[in-house]
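Here is a short briefing on one protein chain. Look over the sequence and the structure, then read the points below.

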Amino acid sequence: MGRAMGLAGLLVGLFLVSAVLVSTSLRHGAPRAEPGPEPAEWGDASVAGPEDSLWPLPQWVRTSRRQLQLAPDRFQLLHGAGSSAGPGCGLLQDAFRRYYEYIFGQSRWRKRSSGPPGGRAVPELLQLQVVIESQHSGCHSYPHLDSSEAYHLTVTEPVAVLKADEVWGALRGLETFSQLVHEDDYGSFLVNESEIDDFPRFAHRGILLDSSRHYLPVKSILTNLDAMAFNKFNVLHWHIVDDQSFPYQSIYFPELSDKGAYSYNHIYTPSDVRLVIEYARLRGIRVIPEFDTPGHTQSWGKGQKDLLTPCYNEEQPTGSFGPVNPILNTTYDFMTKFFKEISSVFPDAYIHLGGDEVNFSCWKSNPDVKEFMKKQGFGTDYAKLESYYIQKILDIVSSYNKGYMVWQEVFDNKAQLKPDTVVQVWMENNYAHELSSVTGAGFTAILAAPWYLDYISYGQDWKKYHSVEPLNFPGSEKQKKLLIGGEACLWGEFVDATNLTPRLWPRASAVGERLWSSSNVTDLEDAYKRLTNHRCRMLRRGISAEPVFVGYCAHEARG
């Protein structure tokens, strides 16, 4: 729930005349009381009003029917008095330019009519003033897990005010303000007087993109970073390499991509990576790279001799290779230098180290590995060998003062993990029990299991994603606090630049609302109206989001 209205809220309340207050709608992110019709009866969502387009739904919203007009040639987005961020804050200056375009778009060049015949004059909103209240505004830093994304927005004549502790909250508030503004049939831009108090329910709200199964052009990644900002996601989990290809161009080991990428055109150069990280930063999005080992590493072996384990058949090498070879010192020498580079290239405090789906059959066939197992006292428990390897990698990454994320198998196989390890739960079978085990052991968790968006089906599967309750697992309040969020994952076996964006959006939007909004935002009828409008807004902003259901977008009718 949003905090109770303070003095600012009372002043706004006094400002609104009683006739306006009668028509004010008050929403605490709660479902509507009356029962809704079946989905088939929801009808054409294009008839929904502009106030039904907020996504994700803020924690506390009050809107009035009193409307203000915005004139594109006079309206300004600017820094408010007392803000710790001024014109020198490039992040906000960039955001002001962006959101001016989102609000007015190409429409600002069209000749507007004077409105409906006999229509009354509408008061004007002249400015949105943004005030950053913390001395550490975040203007020149990177977002992190503990960044504040809270904001308070008041829209009244003649000046709207957006207050946030840090710039990250201001970015979220600018998105909300842009969603409040709508264009009527006469080309006028209108906004209802409103007050919004908002903050995310979960701190980690991620999208996983896979650029190994199919190479994703940088432009596609940037487009989806924009879409993530429109949906208030704040983490790009970049699954950058895998068995199929190694598109990351390493500074220390360029042969990894020279031999492991699909071609010389299918690589991410150091400048490409810097561009993605900075583009994300300007939108309040962290970039967490995943370099998954010891499995999922076939492409690594092409450019790094002796890194992978040779497979055997009856004591003879088969010529094929398995996971990373965990018994050689040279393996750890390579990983030490490689992760030193990754730690410097990617500024986030966390690196995802994978650790999932390790096939032991090649290790079991290799006589040297079997001898090593005997010397270590591992018997025939190859999960112990995996944990031995993982432990060494965790120690390497820790030496660079980085935290790490791992897939749940690393926890399940009882590797010794640092207390601040983040465990990502992905196996859909009984994930509630897994969350209970992970948090019961005192580890931080991220939920992905119910949100694998690469699984597609006919119909409105967004409802299934929206209906997940992340905290619905056995455990104490202390355990529930250890679940810091979740991720929508789009694996790339059947996804490339041609279908990435429409497959992801607006299905991922449902996950975005579940991770941002209050737990009681569960009314699917209300969500359907808002999501359909939100999808149309994404289309207007250049995001090729697929339809939610039948209908059309108002901007299509205007031409």
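Two residues are in contact when they have heavy atoms within 4.5 Å. Among contacts in the chain between residues at least 6 apart in sequence, 76% join residues at least 24 apart. This is a predicted model, where local features need pLDDT of at least 70, side-chain atom pairs count only at pLDDT 80 or more, and totals for chains, interfaces and linings use all residues. Residues are numbered from 1 along each chain as its sequence is written, and side-chain values use heavy atoms, without hydrogens and water.

**Whole chain**
- The chain has 20 helices and 18 strands (DSSP runs numbered from the N terminus: helices are H or I, at least four residues; strands are E, at least two).
- Of its 559 residues, 58% are buried (under 20% relative accessible area, 1.4 Å probe, protein chains only).

**Helix 7**
- Helix 7 covers residues 270-281.

**Helix 3 with helix 4**
- The two helices pack at an angle of about 10 degrees, with axes 10 Å apart (lines fitted to C-alpha atoms over the stretch in contact; angles run from 0 to 180 degrees between N-to-C directions).
- Helix 3 and helix 4 are therefore roughly parallel (an angle under 35 degrees).
- Contact residues include L91, F96 and R98 of helix 3, and W168, L171 and E175 of helix 4.

Key. Expected span 1.5 Å × (residues − 1). Parallel < 35°, antiparallel > 145°, perpendicular 65-115°, else oblique. Buried < 20%, exposed > 50% of the residue type's maximum accessible area, 1.4 Å probe, protein only.
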